[in-house]
Amino acid sequence: SHMVKAVLLDAYGTLFDTGTGSVQAAQEILARNGREDLSPAEFYGQWKALHHRLMEELPSFRTEARLYAQGLAMLYRQYGFSRNPAEDVKVMLRYQGTRTAYPEVKAVVESLATQYLLCVASTTDTAPLLRDLARAGLRFQHVFTSEALGAYKPSPAFYQPILRALALSPKETVFVGDSLKDDVAGPRKVGMRAVWVNRKSFPVGNVFPDAIVSSLEGLSGVLEAWKEI
């Protein structure tokens, strides 16, 4: 049978609002370097792009904390900053684990937990995610992180060990998240169903989720409908 048994939820942008912390960190870092003339949003945008490129190109796994440091060192060289990036990266790392859950999340998670095996599956280091979950009072049966799995989304090496750990087939699981690449295309490639959480009303593009919700409130309706099929 292809009854859905487990629901895997992405964390950042799905359960937690990432807010403006990263841009604030960039602002603080630029101020340390006496470069308030530069745009923090633009600096963070470059840093984030480097971060994702490093994730995809690394020959072996490195934690996000190390990737942030590596990316910042590259930017410091590019901008000719003379401060120590290994020291300044701590500004960004302080913002990790300080995120707030979206307002509907707690009630939805508590209700789904009565019917499904609920897990978090997130591209993150473990410690900050555990801090965020504890502060929000969110309980999950399993928490899977890139750090624990030694792989980043959308590599199959992220999703397949999760299926093995749960002893479930892809069709018995649903992946839920805000990234078309990481939470829809990646899971679908290994045979999972995927629900796209499109909080910002973005266009779909060329990746096709099995369902789209504008917040987690729509999730139980989607799962109920799939029970009928």
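Which residues in H1 meet which residues in H4? In this predicted model, Gly21, Ser22, Gln24, Ala25, Glu28, Ile29 and Arg32 of H1 are in contact with Glu87, Asp88, Val91, Met92, Arg94 and Tyr95 of H4.

## The pairing of H1 with H4

By class, this contact of H1 with H4 is made up of five nonpolar, three polar and five charged residues. Two packed helices are described by the angle between their axes and the distance between the axes. For H1 and H4, the latter spanning residues 85-95, the axes come within 8 Å and cross at roughly 160°. Because angles over 145 degrees count as roughly antiparallel, H1 is roughly antiparallel to H4. The crossing in which H1 passes H4 is right-handed.

## The pairing of H1 with H2

H1 also packs against H2, at an angle of about 105° and with the axes 8 Å apart, which means that H1 is roughly perpendicular to H2. On the H1 side the contact is formed by Ser22, Val23, Ala26, Gln27, Ile29 and Leu30, and on the H2 side by Pro40, Ala41, Phe43, Tyr44 and Trp47. The class count for the contact of H1 with H2 is nine nonpolar, two polar and no charged residues. Ser22 and Ile29 of H1 take part in the contact with H2, and Ser22 and Ile29 are likewise among the H1 residues that meet H4.

## The pairing of H2 with H3

The axes of H2 and H3 come within 9 Å and cross at roughly 125°, so H2 is oblique to H3, and the crossing is right-handed. From H2, the residues Phe43, Gln46, Trp47, Leu50, His51, Arg53, Leu54 and Met55 take part. Their partners in H3 are Glu64, Leu67, Tyr68, Gln70, Gly71, Leu72, Met74, Leu75, Gln78 and Tyr79. Sorted by class, the contact of H2 with H3 holds 11 nonpolar, five polar and two charged residues. Phe43 and Trp47 of H2, which meet residues of H3, are also listed in the contact of H2 with H1.

## The largest pocket

The largest pocket has a volume of about 1100 Å³ and is lined by 38 residues, with Tyr12, Gly13, Thr18, Lys48 and Asp178 lying nearest its centre. The elements that give two or more residues to this lining are the helices H1 (21-32), H2 (40-57), H3 (64-79), H6 (126-136) and H9 (180-189), together with strand S7 (193-197). H2 gives the most, with five residues. In terms of class, the lining of the largest pocket comprises 11 nonpolar, 14 polar and 13 charged residues.

Most residues other than glycine have a negative phi, and most peptide bonds are trans. The peptide bond from Lys153 to Pro154, however, is cis, with omega near -5°, and Pro154 is found in the loop between H7 (146-149) and H8 (156-166). Ala167, in turn, has a positive phi, near 55°, and is placed in the loop between H8 and strand S6 (173-177).

Definitions and conventions. Residues numbered from 1 in each chain as written. Predicted model: local features only at pLDDT ≥ 70, side-chain atom pairs only at ≥ 80, totals over all residues. Heavy atoms only, no water. 1 Å grid on protein atoms, 1.4 Å probe; cavity = no way out; pocket = protein on both sides within 12 Å on 5 of 7 lines; lining within 4 Å. Points joined across faces, edges and corners; volume = space filled by probe spheres on them. Helix = DSSP H or I, 4+ residues; strand = E, 2+ residues; numbered from the N terminus. Nonpolar A, V, L, I, M, F, W, Y, C, P; charged D, E, K, R; others polar. Axes fitted to C-alpha atoms, helices over the stretch in contact; angles between N-to-C directions. Parallel < 35°, antiparallel > 145°, perpendicular 65-115°, else oblique. Left-handed = near helix turned anticlockwise from the far one by under 90°. Contact = heavy atoms within 4.5 Å.
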